[in-house]
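This report describes selected features of one protein structure. Please consult the sequence and the model shown below while reading.

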Amino acid sequence: MAFPNFSISTYAIAGVVFVLVYLLRRAALPQPIPGIPYHKKSAKSIFGDVPSLLRHQARRPEVFDWMTAQARELNSPVYQLFVKPFGRPKVIVLDHREGHDIMHCRSKEFDRSELFADVFSGAAPNHHIVLPTNAQFRAQRKLLLDTMSPHFLNNVAAKHLYKQALNLLELWRVKSRLSGGHAFAVDADINEMAHDAIWAVAFGSEVNTIRSQLELLATDPAVQEPASIEEAIKLPKATLPAEYEAVMVMSDSIEFSLRSPWPRPAHWLYRQTPTYKRANALKENLVQRHLEDAQRRLLKATSREDMIDCACDHMILRERQAAEREGRAPQYDTPIVRDELIGYLVAGHDTTSTTIMWGTKFLADNPSAQSKLRAALHDAYPEAHANGTLPSMQAIIKTDVPYLDAAMEEISRKANTGPGQYRKTTTDVDVLGYTIPKDTDVFLMANGPGFVEANPFEGHIREEQRSKTSREAKGRIPDWDETDISAFKPERWLKNGVFDPLAGPTSPFGAGVRGCFGRKLAMLEMRIMFTLIFWSFDLPQLSKGLSGYGAVDKLTHKPLQCFARPIDLLGKKEDSTTA
Ligand code: HEM
């Protein structure tokens, strides 16, 4: 057999290809940060830790529990992950004291991670969520900031939230009647109610998603009852309003980019689909319509602050005032204004609905906590209780109900709706004795040790490894008692019957300058929803087959199963409310 006789140029090309492949592979291989623990095997593959994550996700569709589990495997509260070929390692921190300190006291060393910009800038490129913490961010955050003021929350937001909650009560009453004692899925109902609620707060109008369901069920559609009472019944689903679907497509597109190692190109691809294009056109149209409507109503000589009926109105009046103050022409409809409004809808909808879903599960599975909550509500609103009516919106916002505060805090702690916070180092930093280089993404986990499970790393950390501000804050937020840290126990937030928000570590809304913008609105919404739901219904514990605690990590950490069998406690009397 003749030996192949390649020319010199063939050898040269092969050599260049070989060197290129070698260099490319080297560039794609993880470059571990010296001194920070990692899986040695992962550092030898261009896919880093991704195969391990995929194996985990083949068993359960969660991401963040896997991230927490890696700390246990590496036996360290600080470690690094390689989840993006060619990308820099991500550093994960599992220590509530240091996490709190980083968010509150070290904002010069840690800014918002660019992951947010990568994920959100396809759908809302002009929203403040994508900005680093600079003058532009501060100016933009002010645009809707007053919608978190007590005045707006109590006088504007609360009435919209209350009204939309009533629709959900009505829907569950109708569904309960049709269900013949079977449980039914409530995740979509809660999601749609939360959407209707934030929509009404944003635009002052109604998108009527829940009402579409009610209209369909009013036609008495055929329902097939399962053979066993242990099984959930499937109820017919209405075609939902196109504008609701458009906002959902926006959320889905963000979720799509979040799940990709290359979020920006992934979102670009998504934007090319006819579904996205249609949804985007609808979204642009609906925001424009509401901005024009607000201008028509409010830009009159006679318009007053007390005419503000939604976030959109608020933006128009604020812009008019700012323009007058600065001696310039007002700009009512800009890409920034549009994206801030859409961001308000998207960020305010999925998060709140996910937390409420978990809340219904926790309270159904903890009948004694549910009874205590109901008893506390009955004590707080004795007149409504005596009359068999609902507490009014005014009563709910002005009455202190410590057990309700405690239950909401406990639901938020256990729900893990956002299982951690994302930051990026702006300089080389020290965290618990490890040096993390500038421009590294740092994830502050809030879903595991010290928050909802015993902390195996407690003994690993010497006090002198902590930052100065962390040492100074020692004991300000005490550790949870590890014997019941995993239990759902609202009482942990009560000291002598008084609600104590600093009773122990929790971080559902993040903290510091990049903490959740909408926290106060979310808490108000949950206050109204949980009061009305648990006042109106008993949610009994369901069979194991319907009350699992599996979750899926999408934009938020959602329960895989969310069923309920609401038992009406009020009958028809809910039509009248009492002050
Ligand atoms: C239970 C409901 C909610 C939860 C659990 C939640 C959670 C969070 C978390 C964990 C963050 C990141 C914080 C950080 O990195 O420190 C965040 C940011 C944010 N949230 Fe919420 N959120 C909720 C409701 C809302 C609502 C109702 C709105 C608006 C109407 C909203 C708007 C935002 C915005 C705009 C940001 C980005 C802030 C920034 O970039 O500085 N959220 N939220």
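**Iron site.** The structure is a predicted model. Cys516 is the only protein donor of the iron atom of the ligand, with its SG atom at 2.3 Å. Cysteine 516 lies in the loop between strand S11 (498–499) and helix H21 (519–536).

**Helix H19.** Helix H19 covers residues 402–415, 14 residues in total, and spans 20 Å from its first C-alpha to its last, close to the 20 Å expected at 1.5 Å a residue. Because 12 of the 14 residues of H19 are buried, this helix is largely enclosed by the rest of the structure. The buried residues include Tyr403, Asp405, Glu409, Glu410 and Arg413. Among the elements against which the buried residues of H19 pack are helix H15 (335–365), helix H16 (367–380), S11 and H21. Just after H19, asparagine 416 adopts a positive phi of about 55 degrees.

**Cavities.** Five cavities of 30 Å³ or more are found in a search of the whole structure. The largest has a volume of about 90 Å³, and its lining includes Phe120, His127, Met250, Ile342 and Gly343. Helix H11 (242–258) and H15 each supply at least two lining residues; H15 gives the most, with four residues. The lining of the largest cavity divides by residue class as follows.

| Class of lining residue | Number of residues |
|---|---|
| Nonpolar | nine residues |
| Polar | two residues |

Methods
Residues numbered from 1 in each chain as written. Predicted model: local features only at pLDDT ≥ 70, side-chain atom pairs only at ≥ 80, totals over all residues. Heavy atoms only, no water. Donors = N, O, S within 2.8 Å, 3.2 Å for Na, K, Ca; no water. Expected span 1.5 Å × (residues − 1). Buried < 20%, exposed > 50% of the residue type's maximum accessible area, 1.4 Å probe, protein only. Contact = heavy atoms within 4.5 Å. 1 Å grid on protein atoms, 1.4 Å probe; cavity = no way out; pocket = protein on both sides within 12 Å on 5 of 7 lines; lining within 4 Å. Points joined across faces, edges and corners; volume = space filled by probe spheres on them. Nonpolar A, V, L, I, M, F, W, Y, C, P; charged D, E, K, R; others polar.
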